[in-house]
Amino acid sequence: CVCTGFGIYFMYREGVQEYEDLRTYVKETDEDDHTEGTDGSDGKQTVVDFKALKKINPDVVSWITIAGTNIDYPLLQGKDNNQYLHKDMEGRDSAAGAIFLDHGDKADLSSLHNIIYGHHMKNGTMFKDIVKYKDQQYFDEHQDIILYTPDREIHLKALAAVVANPDAIRRKIDFQSWEEFTSYIEEMTQDARAFATVPKGTAIRRLYSFVTCSYEFQNARTILYAYEEN
């Protein structure tokens, strides 16, 4: 997650430039324009040119952005969870890799639990800002997460930030009942470093995990849990 060694500086620089170039495919426009991903707030709509992104790489499934952070990236899904660990959007070797969805999840983000991975990079890119969510004030000030897909716009609220081992239970995707799903959420978030209280009457329809390396102990991960509102 933190890379060292000869040539890393140049890989950092190239990776930063690549994602700056990709952000030209995400624009704000007037709300009466035709768009693929929109929110309509303040008379503006966010437009993601998924056709262009998928020409670069058909594995693009979404675009993730968290206001006030450096997180503003395409989300990919590979054939396994190693494919984009050290490969960028264009399939080149990269210290930063790409932001990617667990290969077991549904590409349209309709799984009950969607797991998203990104490296913790020294230069502040990729998922470095996820570790900041362990601070309650930062957590409270960066609640809103948006995922744009070709078909819809998904608004999430931060739920809890935890430090944990990368145990298999953290990757549980399939649930037999809503009761099992609700119990799972409670279990995964019970030792949170920072958390939010879900408004009374709000049903969590889907859970999202944003996972990156952490350094509290060997193989530690910081996981930001967020939920999709009804």
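## Glu90 and Arg92

Arg92 is partly exposed, with a relative accessible area of 43%. Partly exposed lies between buried (under 20% relative accessible area) and exposed (over 50%), using a 1.4 Å probe and protein chains only. Glu90 is also partly exposed, at 45%. The two side chains meet in a salt bridge, N to O at 3.7 Å. A salt bridge here is a side-chain nitrogen of Lys or Arg within 4 Å of a carboxyl oxygen of Asp or Glu.

## Model and confidence

This is a predicted model, in which local features need pLDDT of at least 70 and side-chain atom pairs count only at pLDDT 80 or more, while totals for chains, interfaces and linings use all residues. Residues are numbered from 1 along each chain as its sequence is written, and side-chain values use heavy atoms, with hydrogens and water left out.

The mean pLDDT of the protein chain is 87. pLDDT is the predictor's confidence in each residue, from 0 to 100. In the chain, 87% of residues reach 70 or more. Residues 2-13 stay under 50. For that stretch the model has 15 contacts (heavy atoms within 4.5 Å) beyond four places in sequence.

## Overall build

The protein chain comes to four helices and eleven strands. These are DSSP runs, numbered from the N terminus: helices are H or I with at least four residues, strands are E with at least two. Of the 230 residues, 48% are buried. Among contacts with a separation of 6 or more, 61% join residues 24 or more positions apart.

The chain exposes about 11600 Å², and carbon and sulfur atoms supply 47% of that area. The areas come from the Shrake-Rupley method with a 1.4 Å probe; for residues, only the protein chains shown count as cover.

## Salt bridges across the chain

Side chains of opposite charge can pair when their charged atoms come close. The count of salt bridges comes to twelve. One of them joins the side chains of Asp72 and Arg23, at 3.3 Å from N to O. Asp72 lies in strand S4 (residues 72-76) and Arg23 in the loop between helix H1 (8-22) and strand S1 (26-30), so the pair ties together parts 49 residues apart in sequence. Asp72 is partly exposed at 23% relative accessible area. Arg23 is partly exposed at 24%.

Asp102 forms a salt bridge with Arg171, with the closest N and O atoms 2.7 Å apart. This pair links distant parts of the chain, 69 residues apart. Asp102 sits in the loop between strand S5 (99-101) and strand S6 (113-117). Arg171 sits in the loop between strand S8 (153-164) and helix H4 (178-189). Asp102 is buried, with a relative accessible area of 0%, whereas Arg171 is partly exposed at 39%. Elsewhere, salt bridges that share partners join Arg152, Arg205, Arg206 and Glu228 into one network.

Gln143 is in the loop between helix H3 (136-141) and strand S7 (144-148). Its side chain reaches the backbone oxygen of Phe139 at 3.5 Å. Leaving out residues up to four places away in sequence, Gln143 touches Leu156, Lys157, Ala158 and Ala196.

Glu229 is in the segment after strand S11 (221-228). Glu229 is partly exposed, at 34% relative accessible area. With residues up to four places away again left out, Glu229 touches His155, Lys157 and Arg205. Glu229 and Ile154 are 75 residues apart in sequence, but 8.7 Å apart in space, C-alpha to C-alpha.

Technical notes:
A polar contact is a pair of N or O atoms within 3.5 Å; within protein, one must be able to donate a hydrogen and the other to accept it, and residues adjacent in sequence count only if both atoms are side-chain atoms.
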